[in-house]
Amino acid sequence: MVAPSLKLQDLIEEIRGAKTQAQEREVIQKECAHIRASFREGDPLHRHRQLAKLLYVHMLGYPAHFGQMECLKLIASPRFTDKRVGYLGAMLLLDERQDAHLLVTNSIKNDLSQGIQPVQGLALCTLSTMGSAEMCQDLATEVEKLLLQPSPYVRKKAILTAVHIIRKVPELSNIFLPSCAQLLHERHHGVLLGTITLITELCERSPAALRHFRKVVPQLVQKLRTLVTTGYSTEHSISGVSDPFLQVQILRLLRILGRNHEESSEAMNDLLAQVATNTDTSRNAGNAVLFETVLTIMDIHSAAGLRVLAINILGRFLLNSDKNIRYVALMSLLRLVQSDHNAVQRHRPTVVDCLQETDASLSRRALELSLALVNSSNVRAMTRELQAFLESCPSDLRADCASGILLAAERFAPTKRWHMDTILHVLTTAGTYVRDDAVANLTQLIAGAQELHAYSVRRLYSALAEDISQQPLVQVAAWCIGEYGDLLLEGNCEDTEPLQVRAALGVHWGGTHQRRQDWLRGHYLCPCLKVEEEEVLALLERVLQSHMSLPATRGYALTALMKLSTRLRGDNNRIRQVVSIYGSCLDVELQQRAVEYNALFRKYDHMRAAILEKMPLVERGGPQVDEEAKESKAAPKLSEAAPVPAEPQASKLLDLLNLLDGPSEDARHPPPLDPSPGGALVQLLDLPCAPPPPAPIPNLKVFEREGVQLNLSFIRPPGTPALLLITVTVTNSSGGDVTHFICQAAVPKSFQLQLQAPSGDTVPAQGGLPITQLFRILNPNKTPLRLKLRLTYNHFGQPVQEIFEVNNLPVETWQ
């Protein structure tokens, strides 16, 4: 005999009592067989019970598609109990992918016109859940009639259904405009909240609706003022805040209406100040209202004092014990730091304290904001804080922190000495987490600071003697020892930090003279002990023999040993032996280098001194502001009158050959001239010649989808040829707004990329105000540029994510 069908409660108990997955599947399969048999028999009295059990099975993840037609039969039934289960089944089992969903249209239309409130509520809920564009077009007029029904229950559901219809078919927006104007006079909180949501959706979808509803800004302001001061009713009060949900929704609508409109913004300025000062911040509901108030103030044309008040509210959020509120404050301040830098700067100590947060997401946002707050006036203090954070930060943040410090030092370094100390500290602290171009940048900086060569080589030698495991540090130290090893052996130390640096550092200069000298020697003065030749050679040999050294690091050390053969006064037999050993190295690059150096010793020893002389000074990508240069303004005039010292014969030969390729890289020579046909002749005659302005770089369209277009425009500042400024412009010619737009970029490791905050995250439909964002890319090696972009946004209610690579940038962007 076949077991009888179970009731819904018995089925739930039996499924929950199953001890294994197999037992659960067995119970469900038996019951689904009974449900199918009942459907075939067409029992109208128990159909809703069988469908209720099937819906429970569907909620557990088992197939229930065979109950779709039964939903339609129950919806068409005159009994309310059948309609309730039928509409619930339609919402769960039907969607736009099934053609059967269109069969529900007539039943919904009939139920909407019956006048029975519970049935109308069921039909409206179903339409707003699974209604397709075709259903919305057919039933929009029926929903519009229900917007002005006397029952608040029906009006509230009709308003939410209208929101769904507008999202599906934006062309139907106009039929709801007259009803919204009347609904704004409602005093029922639920109806009013739905009306504000509907108006917000209309304004986001239609520019005509946006212009239409700007007339009701005074009415919205009055409603919000009533909520803030007196409140509609105590039953809607949450933690002492009168209906925070309605307040938040009105603030969002005011933000949309006041954006790019001076008159509307002026009408709501006083109200926003009142909300910002009178809202209770001891509860989460009050914080939610305050946050929406801040966003509204920053999006409209608000007064300067009101914007400062909004940023101060975010500063108080940073002191909140709730981590979520602190995270929201950091993200908001990061968006505002470009437009209101001075106001955000007042909360710098609080932001720096957030670096010590145990939560990884909070410390990452605090790091991004701290790096954005660095400028020329606070670079010393902020760098000290960031260096302290670098020593204890998690490994996943160390690379970002190191790159940020190096970039800030590159842009705002007050002196070359300070810049060099900062990079050295990052190299010794971050180790292998620093970017690959940090080595090239530091060697370029050391080579250009001739007055700091002795200081640099001693600092690097001391750091290398303490630790040879940090590969970037070892590479820079090996290069510097090879170039300026003779200064390392002299043993004198005359370069010290200027006196104004002490005051800038805020050091207390109390105590004895010996105590001050000890502090300076430990922090700023390089060790003045004389170094022996054997110690230098032994240290480089340790680097060559260390298992931690990379092949590139060994190449630096081997080249340093070879250059020391012309810098040291002693016998070079030890260097020859080391070089000859690596002539049979397994690494091809290192082997080739050693073989060539051996050939220099054996066959071309008379040319070795000229070939291995010091590298010429490299012209930097941007001007470096130096305090010592500011103090000695008369120095350039004296140097012009002074005779040029004699140079080695090989150096003159190299300078002569450089006339064919371009100007000499020596910093004492005039700036490079335009490589025109007569340029070489002009340089030979030493005549002044102003280079012509560079040709404009053409714009580039890199993305287009459904009316959303992304264009890139390029600018290379004349004074900084290694810097490229890319302006990203996002336009929208479609009929739907683009919201929550985020553009992220990545470049190869040889580049430095800084993303500025975008002008917004919403692009209005039909050619509205575009979004712009600035990329700053530093290309010291002038290699071909490649960009990888990731775009995420919402369009027509659907999330969109695109990842693509841009490798067709104009040649002018990197050459």
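User: In which helix does Arg 36 lie?

Analyst: This is a predicted model, in which local features need pLDDT of at least 70 and side-chain atom pairs count only at pLDDT 80 or more, while totals for chains, interfaces and linings use all residues. Residues are numbered from 1 along each chain as its sequence is written, and side-chain values use heavy atoms, with hydrogens and water left out. Helices (H or I, at least four residues) and strands (E, at least two) are DSSP runs, numbered from the N terminus. Arg 36 belongs to the helix of residues 21-41, which is α2.

User: Is Arg 36 buried, partly exposed or exposed?

Analyst: Buried means under 20% relative accessible area, exposed over 50%, and partly exposed in between (1.4 Å probe, protein chains only). Because its relative accessible area is 39%, Arg 36 is partly exposed.

User: What distance separates the C-alpha atoms of Arg 36 and Phe 66?

Analyst: Along the chain, Arg 36 and Phe 66 are 30 residues apart.

User: How many residues of helix α11 are buried?

Analyst: Helix α11 (residues 189-205) has 17 residues. From its first C-alpha to its last it reaches 24 Å, close to the expected 24 Å, where the expected span is 1.5 Å times one less than the number of residues. The helix is mostly covered, and of its 17 residues the number buried is 13.

User: Which residue forms a salt bridge with Asp 111?

Analyst: A salt bridge is a side-chain nitrogen of Lys or Arg within 4 Å of a carboxyl oxygen of Asp or Glu. Here the closest N and O atoms are 3.0 Å apart, and the partner of Asp 111 is Lys 83. The pair links distant parts of the chain, with Asp 111 in helix α6 (residues 105-112) and its partner in helix α5 (residues 80-93), 28 residues apart.

User: In which helix is Arg 459, the salt-bridge partner of Asp 421?

Analyst: The side chains of Asp 421 and Arg 459 meet at 2.9 Å, N to O. Asp 421 counts as buried at 11% relative accessibility, whereas Arg 459, at 23%, counts as partly exposed. Asp 421 is in helix α24 (residues 416-430), and Arg 459, 38 residues apart from it, is in the helix of residues 453-466, namely α26.

User: Where is Asn 260, whose phi is near 60°?

Analyst: The phi of Asn 260 is a positive value in a residue other than glycine. At 48% relative accessibility, Asn 260 counts as partly exposed. Its place is the loop between α14 and α15.
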